[in-house]
Amino acid sequence: MDNILPSPEMISVTFIAAFFVGAALVSAGKYDYLCVENNYANSVNFYNHPKDCSKYVQCWKNALGAFESIEQQCGFGTYWSMDDMSCISAVKVNCDEDACLGLMNSEHRAAKGNCRGYWQCMGEKSVPMCCPSGQHYNSTYGCEDNINEECTADCFGRYVAPVVITNETESENNTNALQDLTTTEAPIMCNKVGVENSPSSYTWNVNGRSFSMKCPAGTVFFQNKCDCLSSKTAARTCEPELLLKFNNGLLDESRNQIDVQNVSVLVENGEAIFDGATSQLVIPFFTNLEIKDTLIVRMKYTSDHTEIPDGEQRALFSNFDCTVNPSIQMTENSQNVVALVGTWKQFGASVAVPQIPLDANETVSEKDVTYKFHNNQLSLTVGPQPVEYVEVEGQLRKVQCALHIGYASGMLNFKGRIDEFAVYQCDPNA
């Protein structure tokens, strides 16, 4: 813990979404004693870490029925929350093991896994901060300029909000204010001000002095980014919240780098292979998923739907795993692919698209399926088949269950191969 304050150009952020970055495995077996016997119907469970707010303990039963555990690391800016069963914004979690308890507001420490990030003590609570773009955090000197672009981390993800401390003695009030932040934009503390009618100019305020500056050729100043960028770079694009292509194990290729738990899924040669018996992928990130307008899931997979027994459904994905009805689910049977959504007003609305018939020499079929809940409409696309949709009332219902790929309670587990699985909270084709 260091007492030297970072540079005044610091950017502070709180992560409103439940980020898992990297899901770093710290150790195995050390906390087996936490794994009490309850709620293991779906193979895994999670517990508070006894010493570190930014970690959690994952438990499961092995093939012999014995409990095992591993220690996992939350992403920067987040603490584990048992209420949400996920890593969420640290300022929203009351943790008895916070490293800032008993320390002064001037204390700060480096973040794990993010070269721009650090933790600042405010009112005996750790608040995530971030150095400006082009800088990195140094435990001795605070925020300092990169020399060879050694730090290019994206501190923000999608879900950020400013932390503005106006009076350090009012830490309790400030902490309460932080807990109310819900914006999904990326405003930052900025000491640069754009010049009216001169898009490539800005005024740089440093230590009480102002300097007139010009942006590099081909760029303009964006106040909301506090930087000179090309219009193409600064434009907001729709990026996935989760992107699994299985080219590098279960690494999430989105900028969120969400933790994906593997239960008996073989990942090789750019495919995730499900055995139809116990295989599933568990993603706690999407527990208590709160969607107002848009949720899109695109899944590219191969399966033999003709072998599914009549009257049975195979799960493609769902959050149906904790004794409450799901709010999102997609399944397939021998005749159709079926999408379901549950809102606060409609417990379950569904739509079905016929399966693409297999050719005479085919034993499996490749499918490109898009599940889309957008503006109170659920639609389902299966390859070249006509899109089917149904109007739905209300917003998506929050369910305190993880997202499961290949599993839904009471249904057959998925059997086949998945090439790509992506989740969006915006429309990439808009």
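**C100 and C121**

I looked up C121 in this predicted model and found that C121 counts as buried, because its relative accessibility is 0%. I then asked which residue C121 is bonded to through sulfur, and the search returned C100, the two forming a disulfide with an S to S distance of 2.0 Å. Is C100 buried or exposed? I noted that C100 also counts as buried, at 0% relative accessibility. As for placement, I found C100 in the loop between β7 and β8 and C121 in strand β9, which covers residues 117-122, so the pair ties together parts that are 21 residues apart in sequence.

**C53 and C95**

I next turned to C53, which is joined to C95 by a disulfide whose S to S distance is 1.9 Å. For this pair I recorded a torsion about the S-S bond of about -90°, so the disulfide is left-handed. I located C53 in the loop between β3 (44-48) and β4 (55-61), and C95 in the loop between β7 (86-89) and β8 (108-110), so this bond ties together parts that are 42 residues apart in sequence. The two cysteines fall into separate accessibility classes: C53 is buried, with a relative accessible area of 6%, whereas C95 counts as partly exposed at 21%.

**C238 and C426**

I then looked at the disulfide formed by C238 and C426, whose sulfur atoms are 1.9 Å apart. Which handedness does the torsion give for C238 and C426? The value is about 90°, so I wrote this disulfide down as right-handed. C238 lies in the loop between α2 (231-234) and β19 (242-244), while C426 lies in the segment after β33 (415-424), so the pair ties together parts that are 188 residues apart in sequence. For C238 I noted a relative accessible area of 23%, which means that C238 is partly exposed. A search of the whole structure finds 5 disulfides, and my entries here cover those of C53 with C95, C100 with C121 and C238 with C426.

**S379**

I also checked S379, which I found in strand β30, residues 377-382. S379 counts as buried, because its relative accessibility is 11%. Leaving aside residues up to four places away in sequence, I listed the contacts of S379 as T370, Y371, K372, V387, E388 and Y389.

**The chain as a whole**

I counted 2 helices and 33 strands in the chain. Of its 430 residues, 49% count as buried, and the accessible surface comes to about 20,500 Å², of which 48% belongs to carbon and sulfur atoms. Among contacts between residues at least 6 apart in sequence, I noted that 60% join residues at least 24 apart.

**Confidence**

The chain averages a pLDDT of 78, and 77% of the residues score at least 70. Where does pLDDT stay under 50? I marked residues 1-28, for which the model has 133 contacts beyond four places in sequence, and residues 156-189, for which the model has 74 such contacts.

Note on methods: Residues are numbered from 1 along each chain as its sequence is written. This is a predicted model: local features need pLDDT of at least 70, side-chain atom pairs count only at pLDDT 80 or more; totals for chains, interfaces and linings use all residues. Side-chain values use heavy atoms; hydrogens and water are left out. Helices (H or I, at least four residues) and strands (E, at least two) are DSSP runs, numbered from the N terminus. Buried means under 20% relative accessible area, exposed over 50%, partly exposed in between (1.4 Å probe, protein chains only). Contact means heavy atoms within 4.5 Å. pLDDT is the predictor's confidence in each residue, from 0 to 100. Accessible areas come from the Shrake-Rupley method with a 1.4 Å probe; for residues, only the protein chains shown count as cover. A disulfide is a pair of cysteine sulfur atoms within 2.5 Å.
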